[in-house]
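User: Could you walk me through reading cavities and a sheet in a protein model?

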Amino acid sequence: MILSDKFISASQNFSTMNKRVPAPWFKKNIQIDGDVEKAEITVCGLGFYEFFLNGSRIAKGLLSPYISNPDDIVFYDNYDIAKLLLSGDNELKFLLGNGMQNAFGGFIWDFDKASFRSSPKLAFALEITYKNGEKVLIKADESVLTQSSKILSDDLRLGEIYDAAAESGHWSNAISVSSPKGEKRISTAKPILVRDEVKPIKIWEENKSYIYDFGINTSGVCRLKINGKRGQKITLTFGEILKGGKFSYENTTFDHSADKYFQQDVYICKDGENEWKPTFTYHAFRYVKVDGIEEHQATEDLLTFVVFNTDLGSKGAFECSDEQLNTLNKMSLNSTLSNFHHFPTDCPHREKNGWTADAALSSAHTLLYFEPVDNYKQWIRCICKAQREDGALPGIVPTSGWGFDWGNGPAWDSVIVELPYQIWQKRNDITAFEICKDNIIKYVKYLETRLDSNGLLAIGLGDWCAPHNPMKAPLILTDSIEAYDIASKSAEMFGKIGQTQNADFCAEFARKIRKSIRAKLFDEESCTFKGNCQTSQAMGIYYGIIEASETEQAMAVLLRQIEETNYHIDTGVLGGRVLFHVLAEHGEIDTALKIIKAPTPPSYSQWIDAGDTALCEGFEEYEGLSSHNHHFWGNISAFFMEQICGINVRGEKIDIAPHFPESISHAKASFDSVFGKVSVKWKRENEKIIFELTCPETSKCKITFDNPDNVELKYL
């Protein structure tokens, strides 16, 4: 298998906010003279490519090959095309999009200043072996022909402009361009595939535009189908919400000089029947504002929402008697899928960035309900490549250098430990850690250099998106506890692979910073952590900063703090990740559900009441929220499976430890573990819990009930 470093391009010109360059076509005709034994082609199109052989689409997924910083890693796809080649003339054809290679809409995060920025470029290597033993190698070079396509402009974040009436340009020879600096690798990530197609549930006219409501806020593109007139310009603008009953896109925009950053596609018709969907972008939306059509064209069939994301399959499920919880679980999983395009993103509309904390916070529930391991492992390689020489990590990956001065710190950087740790726990697979173990020890040593005179840390972002400003939990507490957790988990994993020296170093770092936290940020007499708030107390308990003898008093403090907020969530995402687990594991699962279901804001229920179909970024007043599709509050899905149904997957064993809320009459969950399927189903019957369990015989399964005398256990 050859990964060619010979790259070609249509020109040296690339798109900007003010000057757009059409997406280029490339074609190469090859002759097949004889019987083919084997034919394998590797393809790299930067940023994205579409691949056609003899007119048939071959590309394995959308937005291929992958999104990365090509100064770090360049990913190729490989295809076996032996059975697709014809005797005689064959046409290889490629269409390239800007992707991250030229993300001119990414100015907020300095992608417009990236050293790798260029016009789209292509490399391929086709190896043909004939049955007579003859071998032929064909690479992309200047003999490949290129012309402009009808895609006049494409940007990952802004959208696409397509002119169906445009005349095709003349074919000319491609030019040779520099090869990307990054390591060349075959992509092992699962592809992006279409998951669903959704028709509008409502259409109405608004200020001479037509608004299409698809009933769900998720990600993908619209397929347009219209009988149009040549030159008719149709503009599709995408939004998540209505404000005052009117279409709005303001919450997904960024200002840039005189320009507005927003999601919009433009299609210019040819005469007659037109059918089109964008190729090199995606959006997140529920509503679409359509301009440029006549009243008779505003039909249900005009637009179809083509929903797509990385093909993550299904690993787990949860359902219970409480429809609010079922709805929240669906919203959480929708947000998780909406934000998974090659790797987990923070939001699927204005940013589409690989924010590291978002992925760390969501990794547990994502691994319980889906199969992201291949994509996590590939992204971990990108995270490692992004690490700075001193050990620091950026807040977003990929990055062109942005995210070291703001947007990172232990809670965000924890992704480099949390992803391999959760893969180890949920899949009994330590190989993800093997990929990044050298980078992890480098990072822990970096943290040691950042300790203050008290042996504590305050160097990053804190308890993000708390429902109050300023956040109550001190940064020095959340950073120091996160660093303790990073070092503790690292020590476990180094111990697992037998690297005792690194394990000892991490364990000693954890011991020292825990001692410093207890000395400077914890009042032993009252068992209260600095900040005296839900996040501080829940994190201190969850991560083991307290001693066992202090648990009862520390929990009493947490319950008092919850009572003071009238049973409302008072944490940001760091505290929210652990609060409900702490409550459930200490006999307060009803309190956890009372907070989740609080009828007034701030609460998860406010999103349901507002009509949201995905989790929001925060608990602000509805129309003031910047995003209505975030997944970093989604650990409630893990809470439902692990605490209500008790399925806890931990490496070589599965612990069954459910807690039975008074407000729930029945619940069920299942998880396809590496040992086999584990399923739980329970119901209340005659003041008893009837608990049905299926657990793989090959797993080490331990069962614990809070009140075993009240449970009738049935093995299925």
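Analyst: We will take the cavities, then a sheet. This is a predicted model, where local features need pLDDT of at least 70, side-chain atom pairs count only at pLDDT 80 or more, and totals for chains, interfaces and linings use all residues. Residues are numbered from 1 along each chain as its sequence is written, and side-chain values use heavy atoms, with hydrogens and water left out.

User: How many cavities of 30 Å³ or more are there?

Analyst: A cavity is a set of points, on a 1 Å grid over the protein atoms alone, where a 1.4 Å probe fits but cannot get out; lining residues have an atom within 4 Å of a point. Points are joined across faces, edges and corners, and a volume is the space filled by probe spheres set on them. Here the count is six cavities of 30 Å³ or more.

User: Which element gives the largest share of the second largest cavity's lining?

Analyst: Helices are DSSP runs of H or I with at least four residues, and strands are runs of E with at least two, numbered from the N terminus. That largest share, five residues, comes from α11. The second largest cavity holds about 60 Å³ of space.

User: And in what order do the strands of the open sheet lie?

Analyst: Two strands pair if DSSP finds at least two bridges between them. This open sheet has three strands, ordered β33-β34-β38, with mixed pairing. Its edge strands, β33 (647–650) and β38 (700–703), each pair on one side only. Four bridges link β33 with the antiparallel β34 (653–656).

How values were computed
On a 1 Å grid over the protein atoms alone, a cavity is a set of points where a 1.4 Å probe fits but cannot get out, and a pocket is an open set with protein on both sides within 12 Å along at least five of seven lines; lining residues have an atom within 4 Å of a point.
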